[in-house]
Amino acid sequence: MYVRIHSTMSERKMQSTISETRRFLFYVVSLSIFLLIFSCFTLWRSNSANSLIPESVLMLMLVNNTSVLSNKGGGGSKSISSLQSLVTPPTYVKNTKPPSNIRVDFKQNAQDMKVCDSNQAILKVFMYELPPEFHFGLLGWKGKSGQAWPDVSDVNNLPNYPGGLNLQHSMEYWLILDLLASDYPDVNRPCTAVRVHDSSISDVILVPFFSSVSYNRHSKLHGKEKVSRDKFLQDKLVKFLRNQEEWKISGGRNHLIMAHHPNSLLDARRELGSAIFLLADFGRYPHEIANIKKDIIAPYKHVVNSIGNDSSPFEARPILAYFQGAIIRKDGGMIRQELYQLLKNEKDVHFTYGTVAGNGINRAGKGMASSRFCLNIAGDTPSSNRLFDAIVSHCVPVIISDNIELPFEDVLNYSDFAVFVQASDAIKEGYLLNLLRGINSEQWTQMWRRLKEVAPHFEYQYPSKDGDAVEMIWKAVARKSAAVRLSIHKENRFRRSQTGE
């Protein structure tokens, strides 16, 4: 009897020991696995670019493992929540591809693509569904029945914008492409501006009229026409906008209208003058219609090729000052003739008449890239694309245009990379040459380096990239629309009590 009881107690004690050993081993193994995964996580956080474990997989491993450890003790949801808070995916992935011109061939990496969250965007844009005759139809695009917009998910099948000097006013094209792309999660672009389909939640309302193309292609009468196609579209646009509830509520002040060519929207600008205009300059606008307080200056699209990283330093640029273009101009541009007479015989100055004909654009690009300073002189209007050709050629701009307004000047200090000369000083004999020759290699190189840093801000491309011209414009619109929104809200304070609405 005693032997049987003793045997039973021994067996129970052995089973208890085995159970405790197994439990101990389980906790040791579990703790080891957790520490191993946590070490991997720490390494990944310190150098995410070289991580071998995708973030989503690592997160799942951490959560699952923590759940196993926490099942018996409770509080698993709290542990999971704490771990999830460690990893916050960015709204978008920065694309490091270099800027390009009209076409960009790209492949989306499935691991890199992030859906743009409209709540993270700084600008929500509502765009009217105007028929193609106002925008891509002007480029010859014809969609399927009822299709208002082209499919922008395939970069190689986009409607073509006219080439040559038409490109300098193509800002409208790039902005619309970018906004349409915000509806396509597979297009990798900055999450700065997004399209919304409810005007009540928008920051600004975009009017998708390619006014520069309309002027360049359709402003002249053809055949038996009594009204040009351009004027017909402008009149039709005014009637449309005046009938929209969005326009009536704000008086048009929260509407964004693109009119980059100085002569675009010539017939409708006074009717639509309450809106925010995107312009090249204010040269042909009365102050009450367009001014820097309510409107935005957008850069021209450069027509010479960007020089990229192949930029010559001070010693490798034999030309002191470069200008090639129309010399005989009217209005403020008459200064070009005076400067031509002063500089035409200087051996280290290139100052000649030039056009786009005969490979003129390529020759101008090479000339700018071989020059230390590029003269940007007022013409028929205060601005020209020559300034932006100089910037992408890394040729320090010399701006001789007293009334010029510059893109993004509230965030860019142009004096860091350009030289400003008053017109009255520039035409004094010897003044301009003495000024430029007095800038030594060290001073010029400082401006040149800054010029290379800011050049990407003046690149139009699709898909748009961080800090390029498209994103810079959207940010400028966001800054401007905030003041407009404040004004509208203040005016509507008593609307409910006075009208019952």
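Let me begin with Trp-474, which touches Leu-123, Val-125, Leu-175, Asp-178, Leu-179, Thr-192, Ala-193, Leu-206 and Leu-256, residues up to four places away in sequence not being counted. Contact here means heavy atoms within 4.5 Å.

Before I go on, a word on the source. This is a predicted model, in which local features need pLDDT of at least 70 and side-chain atom pairs count only at pLDDT 80 or more, while totals for chains, interfaces and linings use all residues. Residues are numbered from 1 along each chain as its sequence is written, and side-chain values use heavy atoms, with hydrogens and water left out.

Together with Phe-136 and Phe-373, Trp-474 is among the residues with the most contacts inside the largest nonpolar core, which has 117 residues. A nonpolar core is a set of buried Ala, Val, Leu, Ile, Met, Phe, Trp, Tyr and Cys residues joined through side-chain atoms within 4.5 Å. Buried means under 20% relative accessible area, exposed means over 50%, and partly exposed lies in between, with a 1.4 Å probe and protein chains only. Helix 14 (residues 469-491) gives the most to this core, namely 10 residues. Apart from this core lies another, of 7 residues, including Tyr-322, Ala-364, Cys-374 and Cys-395. As general background, nonpolar side chains in soluble globular proteins tend to be buried together.

For the protein as a whole, the secondary structure comes to 15 helices and 11 strands. Helices (H or I, at least four residues) and strands (E, at least two) are DSSP runs, numbered from the N terminus. Of the 501 residues, 46% count as buried. Among contacts between residues at least 6 apart in sequence, 68% join residues at least 24 apart.

How many disulfides does the structure hold? It holds 1 disulfide. Cys-374 and Cys-395 form it, with their sulfur atoms 2.2 Å apart; the criterion is a pair of cysteine sulfur atoms within 2.5 Å. The torsion about the S-S bond of Cys-374 and Cys-395 is about 110°, so the disulfide is right-handed. The pair links distant parts of the chain, 21 residues apart: Cys-374 is in strand 9 (residues 371-377), and Cys-395 is in the loop between helix 10 (386-392) and strand 10 (396-400). Cys-374 counts as buried at 2% relative accessibility, and Cys-395 is buried with a relative accessible area of 0%.

An open sheet of 5 strands has the order 8-7-9-10-11, with parallel pairing. Its edge strands are strand 8 and strand 11 (419-420), each of which pairs on one side only. Two strands pair if DSSP finds at least two bridges between them. Strand 7 (residues 319-325) pairs with strand 8 (residues 349-353) in the parallel sense over 5 bridges, and Gln-324 has Thr-352 as its bridge partner in strand 8. Strand 7 and strand 9 also run parallel, joined by 3 bridges. Across that pairing, Ile-319 stands opposite Ser-371, and Ala-321 has Phe-373 as its bridge partner.

In helix 6, Asp-230, Leu-233, Gln-234, Leu-237, Val-238 and Leu-241 are buried. Seen down the axis of helix 6, the buried residues fall within an arc of 140°, so they line one face of the helix; the arc is that of the directions from the helix axis to the C-beta atoms. These buried residues pack against strand 3 (204-207), helix 5 (211-218), helix 7 (245-250) and strand 4 (255-258).

Ala-455 counts as buried at 6% relative accessibility. Leaving aside neighbours within four places in sequence, Ala-455 is in contact with Ile-391 and His-394.
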